[in-house]
There are 2 protein chains.
Amino acid sequence: MAEFKLIDLIRARATQARDDVVLGIGDDAALLQPPPGMQLVVAMDTLNDGVHFPPGTDPAHVGWKALAVNLSDLAAMAAEPAWCTLSLSLPDGDPAWVAGFLDGFLALASLYDVALVGGDTTRGPLSISVTVHGFVDPGRALRRDGARVGDGVWVSGTLGGAAAALGQWRAGETIAPALRERLERPRPRIALGRALAGVANACIDISDGVLADLGHVCVASGVAVRLEVDALPGREALRPHLGDDAARMLQASGGDDYELCFTAPGDADATVRAAADAAETGVEVTRVGTVVAGQGVQALDRDGRSWLPARKGHEHFVP
Amino acid sequence: MAEFKLIDLIRARATQARDDVVLGIGDDAALLQPPPGMQLVVAMDTLNDGVHFPPGTDPAHVGWKALAVNLSDLAAMAAEPAWCTLSLSLPDGDPAWVAGFLDGFLALASLYDVALVGGDTTRGPLSISVTVHGFVDPGRALRRDGARVGDGVWVSGTLGGAAAALGQWRAGETIAPALRERLERPRPRIALGRALAGVANACIDISDGVLADLGHVCVASGVAVRLEVDALPGREALRPHLGDDAARMLQASGGDDYELCFTAPGDADATVRAAADAAETGVEVTRVGTVVAGQGVQALDRDGRSWLPARKGHEHFVP
C-alpha cells in the first residue's frame, strides 16, 4: 500500500475527539490548544522489532505497548495525557499489519482520551516511535530529584511478570497467559500517578528494573535507598514458573514492568494508601524500602543481608 | 558506550537555554511552559539509513537534516520553533557517531533557538525520529486547505538541487558541491513562513517534489493548480549537470528541496514579494502558477503544452 493511502488509513481510524485539537492528521503539523496556565509534559519512546518485542509479535500488542510505554512516562510525572504523534517505519506497507497495530494503539488511546494528531509513515526496518503530550499544574509534576532522606520507597502493582514471560519466550517455552499479559499489555498507571501528585516526593516508571530505575532517583536526588528485595510484590505469581532466586532476580532487575516506583514521607504511609485507594485503580501499592543518606541502591534480602544481583537492569548497548 | 552514558553525552551537549523549559533531558518526561494563548504546532519525522540518506553519510549531515526536515514542517505552518525531542536508534552505541550527529543537529537547533528537551536512545537499525514543537497565534497558521481559486502559486528558493545530488550519488559520480549542500544541509524556511502568515492563503513544504506536494494542497483545498514547470526556479544551477528535460523532471518531481510552496491572492504579488524581502531571508520567491477550479495539478511547459512527468514525486512503499 502506498504511503499516502496508509496515512489515509490511519487518519480514518484516529477519531478520538478532543476540543483542544484544532487540526489533526493531514497537514504539515498538528495545531493544538494547550489549557491556560498548565505545563506541557512531553515524552518520546521507540520500540524496535527484535529488541523491544519478539519478531512476529501480534501487531495489536505492539501497538498497545508502543503507546503504553510512553503513557507510563506521563504517569510517572503525574500528568494527564492529551495528544500523541506516531512515526511508523515499515519494511513494506502491509495494511493488515498497520490495521492490527492500530487496533491495539487506538484501544489504549481511547482508554485515556488521547488523540493521535500526526506523525510519519516511512520505509525502513520495523520501528515505532511515539511522542506523547500531557498536562500538569505548575509545581505538581513528580520528578526524579525530589526524594528525601527518611522517605518510604514504594512500588505499584507487581514486578517480574513481564521479564518472566520474556524468559519463557527466549527459552522456547509456552508463555503463561498471566505473564504474557504483563509483557504484551502493560497498563500505564495514569490514575495512580495523578493521585500521587502532592503526596509523593519523587517518582519514576519501572522500565529497566526497579534496581536500575531507583538508581536514577538516587542520583537525581542525591540520596541512597535501602531496598528490601523480598518485599517486592508479585513473587507468588512467579513461583509456579521459577525458583525463588530466579524470581527475586527478575523482580529486582527484569525490565518492562511499567509500574511506578515512588518515594513519600516516611510518616505518610496511610496517606499514600488512601490516595492509591481513592484513585480507584485497583492497583495495590507496596512499601519496599527507605531513603537514606548516601549514594546508590542497597538491596537487602529478608534476613537483612546485602543482596547483589547478577545484573543490575536492562540497558541498551551493554552486551 | 552504554545507553545512560550516551544520554549523559547528549544531555551535556544540549545546552540551548530557553526560559520556557522547566525540566529538560533526564527525567521521565520534559516539563515545558507554553506561552499563554498561543497554539502549539507539532510535527514528527523520521530518517532511516539507506532510505532518507545514503549509508555512510557524515553523521553531522544526518543530524542537521533530521532536524531540518522537521523545522521545515513548522515553517510551512508559519510557526516559531521552540522545543524538540530526539529518538536515536543505533546499531551500536558509537559515541563518535553520536558526537558527529549532535554537531549538525545542535548547530541547526542553535540557529533557531530550539531546545532539545528529551527523547530516547535505543538499539536497532540506524534511525532518527524527531518531534518538533512551535507556537503560532490562533488563526495565523498556514494550512493546506486555504488555497482559493484565483490565488497565485509560489515557491521559495530553487528546486531540483537535492534530487540532482542524489542522482549523482546513485550514479557513482562525484557530487557537485553546490548540489551536495542542497541535499545535506537544507535550510528550513522559518523566517519566510512566519512572514507569510496573513499574506499567504495556503502553504506546504516541498519534501516529495512540488507536483506531489501541490497535489496535497489541491485535495485539501478542493481546487486545481496550473503549474508552469519552466518557471520553477533553479534550472540554471542544474544545467552544467543535466539536460533540460532531466532538469525539468527533477525540479517538478524530485524530493528533498524543503522549500515552501504557497498560494496567495492573485492581486497580492507585490505584497508577497515585500513580505519575503522584509523577512530578510535572502531567499527569493517565484510565482509559478495559478489556482483554478477543478481537481489536481496541471503542469504546462513554456509553450503552454501539458507536461506529464514520468513519475509524480517521491512516495514510500511505491517501487
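Start by selecting the interface of chain B and chain A, where the rule finds four salt bridges (a side-chain nitrogen of Lys or Arg within 4 Å of a carboxyl oxygen of Asp or Glu). To see a salt bridge between the chains, pick Asp28(B) and Arg144(A), whose closest N and O atoms are 3.4 Å apart. This is a predicted model, in which local features need pLDDT of at least 70 and side-chain atom pairs count only at pLDDT 80 or more, while totals for chains, interfaces and linings use all residues. Residues are numbered from 1 along each chain as its sequence is written, chains are lettered from A and ligands numbered from 1 in the order in which they are written, and side-chain values use heavy atoms, with hydrogens and water left out.

Next, show the whole interface. In contact (heavy atoms within 4.5 Å) are 65 residues of chain B and 66 residues of chain A. The buried area between the two chains is about 5300 Å², with 56% from carbon and sulfur atoms; this is the accessible area (1.4 Å probe) that two parts lose on being put together, summed over both.

Strand β2 of chain A, residues 30–32, pairs with β3(B) in the antiparallel sense over three bridges; strands pair if DSSP finds at least two bridges between them. Within this pairing, Leu31(A) has Val41(B) as its bridge partner.

Stay on β3(B) and pick Asn48(B), which lies in that strand. Asn48(B) counts as buried because its relative accessibility is 1% (buried is under 20% relative accessible area, exposed over 50%, partly exposed in between; 1.4 Å probe, protein chains only). Beyond its neighbours within four places in sequence, Asn48(B) is in contact with residues of both chains, including Ser89(A), Arg123(A), Phe53(B) and Leu126(B).

Finally, look at salt bridges elsewhere; the count over all chains comes to 46. In chain A, select Arg143(A) and Asp145(A), with closest N and O atoms 2.9 Å apart. Arg143(A) is partly exposed at 24%, and Asp145(A) is partly exposed at 30%. Move to Arg305(A) and Asp303(A), which meet at 3.2 Å, N to O; Arg305(A) is exposed at 53% and Asp303(A) is exposed at 55%. In chain B, Arg235(B) forms a salt bridge with Asp230(B), and both residues are buried.

Note on methods
Helix = DSSP H or I, 4+ residues; strand = E, 2+ residues; numbered from the N terminus.
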